[in-house]
Structures are given as C-alpha cells and as structure tokens.
Amino acid sequence: MNLEPGQIFAKDFRVERRLSQGGMGAVYVARQLSTDKLRALKVMLPGLLPDAKSRGRFVEEARIGGRIESEHVVEVVAAGLEETSGAPWLAMELLEGEDLAALVSRRGALPAGEVREVFVQVGHALGAAHAQGIVHRDLKPENLFLARSRRVGQASLIKVLDFGIAVAVPSGGMGVVTTAVGSPLWMAPEQSRPGDSLLPSTDVWALGLIAFHLLTGRSYWRTARHDDVSIGAVLTEILVEPLEPATARAAEAGAAARLPDGFDAWFARCVTRTASERFADATAALGGLDALLAPLGERTPVAFSTPQQQPQPVVQAAGLDATFQRATPFLGDTAASAPKAPMVPRVPPAAPAPPVASQAPPARRRMPIGFFVGVAGV
C-alpha cells in the first residue's frame with residue numbers, strides 16, 4: 001500500500017512523509033502515537049504481498065535484528081501485520097546523519113584514526129551478529145551509517161543498516177546459496193555461485209573491500225572506476241581475474257602511502273576467493289586491521305560533513321566507484337529493477353544545505369540491471 005501524510009497506520013503511526021523505497025519496502029517518517037516519537041516505518045511493497053518467501057524475509061528482518069546485542073545495529077522497536085491489507089511492517093529508530101558512501105564521496109579518503117573508530121564499532125555489531133550465526137550478506141559503505149549520537153561527549157555513532165537479506169545459519173551449519181544475492185561490488189564470490197556455502201567469512205570479503213575504500217577513497221576494482229562498463233566486465237574482474245595486492249591498486253590512484261604496513265597481507269586474507277582461507281569472522285578480521293592502523297593514529301570520532309556539505313536527499317556520486325553498486329544491486333526475491341535504497345532513512349539537517357550543483361560531478365550513466373535472488377537450506 002502507498003501511505004499518505006496524515007494517514008494512521010497500524011493504529012499507532014501517523015505518517016508524516018515518504019522517504020525512500022527499496023526492492024522490498026517503502027520507508028516513511030512516522031510519529032508513533034503511543035510514544036510521541038518519530039520512527040522510520042518500513043512497509044512491504046504491495047506487489048510483493050502474494051509472495052510467501054518475500055513476506056517471510058521481510059518479517060525475518062525484524063527478528064534477526066532483535067537478536068543482535070549491539071548498539072551499533074539499528075534498533076527495531078515494533079513489527080507486525082497491518083490488519084486490513086496483511087502487509088508486514090516494522091518500525092525502527094530514526095537516524096540523523098549520512099552513510100559512509102556519501103561521506104567518502106564528499107571528503108575523500110578518511111584518516112587512519114577515523115577508520116579505526118569506524119571498524120571498532122562495525123566490529124562490535126558484526127561480532128555480535130556472527131556470534132549468533134547471522135551473516136549480513138550486503139555489507140557496503142551505503143549500509144554503514146554515521147549517525148548523530150544522543151550521548152553526552154559522543155558526537156557520532158556508526159550503525160550497521162539493512163539486515164533485510166541477512167541469513168541465520170544454524171549452530172554448526174551453514175547457509176546454502178541457491179541464486180545470487182548481494183551488491184556486485186561488495187559481495188563475496190560464493191554469493192553468486194548456486195550450491196556454495198555461507199558463513200561469517202562471507203562478510204569478511206566485504207570488510208576488506210570497505211577498508212580499502214575508506215583508506216584510499218577509491219574502489220579496489222578497476223572496472224568500477226570507468227564511466228561505461230558492463231556488468232559482465234565487473235563480474236569477470238571480481239570472479240576470474242588475478243587479485244593484485246591492495247598497495248598496487250592504491251598506487252594507481254596515488255594512494256599507496258595511505259595504506260599501513262602489512263595491509264597487503266591482511267587484505268589478501270579478507271579478499272580471497274577461497275572462503276576457508278579468509279578470517280573466520282569479523283572479530284578476527286577487524287582485530288587484525290586495528291593492530292595495523294594503531295601506529296598511524298589514535299582512534300578518532302568520524303567527522304561529519306562541514307555545514308556547506310551537509311547530507312543531501314540524493315547522494316552526489318563521484319564516478320562509478322559510488323554509483324555502480326547503487327545502480328545494479330542484486331535485488332530482493334522479485335523482478336524489481338529500481339535501485340535498492342538503504343532501509344533506514346536519514347533526517348535532513350536542521351539548517352538547509354546551500355546549493356552544490358556547481359560542485360557536483362557530471363551525471364554518470366546508470367546501468368539498470370537487476371537480478372533474482374533466493375536462499376535455501378538455512
């Protein structure tokens with residue numbers, strides 16, 4: 001269903017405005033009447049209601065998020081089925097800030113101390129998830145959100161978003177991929193191979209790529225740096241071509257000096273196509289990264305954009321580094337073709353941002369490619 005401003009939904013939410021839409025649901029800013037707090041209300045798209053698998057995955061998102069004991073995971077405060085339509089919904093805490101893709105697009109590479117702080121917080125969230133046997137499967141800068149903190153003395157907080165395609169692996173077991181699921185520039189090879197297993201090490205692949213991106217401001221993948229590129233070329237590089245040392249790729253952008261000593265070995269243990277050769281989970285991987293970054297600087301809170309560069313409703317992307325994964329996500333269980341937006345909305349800053357059109361890079365050609373996904377045996 002499409003909700004309108006002023007509409008009362010599920011007897012406890014007054015819709016204020018629509019904020020975003022992804023492959024599975026639409027997100028609204030709504031006031032919870034019972035608490036008088038603004039919430040992020042996610043409602044399943046009406047076209048998916050007849051599909052039992054899609055309904056089950058939507059409902060499971062609330063359950064999985066609730067199992068992870070970490071302040072760095074977006075809190076789901078309520079969930080249910082709307083009486084009239086039967087549409088699944090969930091209400092989440094409403095965050096103010098921007099995702100790390102937007103931050104890096106504006107600021108460029110982040111200092112080592114800020115990267116340390118990001119991954120300490122991400123590691124807490126994913127460590128708690130992996131300890132529960134939960135594999136996120138869609139880690140990327142867009143799903144790491146820099147939120148304004150409500151704590152005294154703490155300006156910002158990292159939140160891991162969108163457990164909508166996460167999978168809970170039984171104790172001592174593993175998930176089995178039936179079809180591709182994830183975002184092409186960040187997903188591990190086994191996510192695209194039917195019959196392959198999913199374990200916490202699946203998320204480790206993405207963590208290595210994200211660390212490279214934050215430290216250098218660029219994508220590790222060469223094909224992602226070009227304006228016109230086919231999905232086939234990107235997947236060939238990811239799945240077939242030799243995986244060169246991280247410093248060699250960084251040197252192509254003049255950023256090799258931004259990587260700490262020992263980064264090549266750490267990165268190679270994250271971004272290896274053989275899942276059993278990776279770090280076993282996020283705790284092991286990010287503990288190793290922190291040891292490499294520590295000599296370069298103390299942990300530092302991540303700085304928000306300047307007042308002249310506040311988060312915009314639509315992220316201005318610089319090249320395919322930032323746009324390709326938005327234009328070609330592996331979507332939900334339907335043949336949706338629209339890009340998948342993060343499932344937790346951002347509240348615009350109090351002061352409106354000045355126009356930045358003159359500073360924005362030229363628009364890049366977007367590739368409207370969608371994929372079916374599914375998972376079984378979990």
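1. Let's start inside the protein. The second largest cavity holds about 70 Å³ of space. Keep in mind while you look that this is a predicted model.

2. Which residues are closest to the centre of that cavity? They are Glu 61, Val 74, Val 76, Met 92 and Phe 163, out of ten residues that line the second largest cavity. Sorted by class, its lining has seven nonpolar residues, one polar residue and two charged ones.

3. Now for a sheet. Three strands make it up, in the order E7-E9-E10, and this sheet is open, with antiparallel pairing. Its edge strands are E7 (97-99) and E10 (156-160), and each of these pairs on one side only. From one strand to the next, the twist averages 20 degrees. As a reminder, strands of a sheet pair through backbone hydrogen bonds, either parallel or antiparallel.

4. Have a look at how E9 and E10 go together. Strand E9 covers residues 144-148, and five bridges join E9 to E10 in the antiparallel sense. To find your place in this pair, look for Leu 146, which stands opposite Ile 158 in E10.

5. What packs on the sheet? Helix H3, residues 112-131, does, and this helix touches E9 and E10. The direction of H3 makes about 40 degrees with that of E10.

How values were computed. Residues numbered from 1 in each chain as written. Predicted model: local features only at pLDDT ≥ 70, side-chain atom pairs only at ≥ 80, totals over all residues. Heavy atoms only, no water. 1 Å grid on protein atoms, 1.4 Å probe; cavity = no way out; pocket = protein on both sides within 12 Å on 5 of 7 lines; lining within 4 Å. Points joined across faces, edges and corners; volume = space filled by probe spheres on them. Nonpolar A, V, L, I, M, F, W, Y, C, P; charged D, E, K, R; others polar. Pairing = 2+ DSSP bridges. Helix = DSSP H or I, 4+ residues; strand = E, 2+ residues; numbered from the N terminus. Axes fitted to C-alpha atoms, helices over the stretch in contact; angles between N-to-C directions. Contact = heavy atoms within 4.5 Å.
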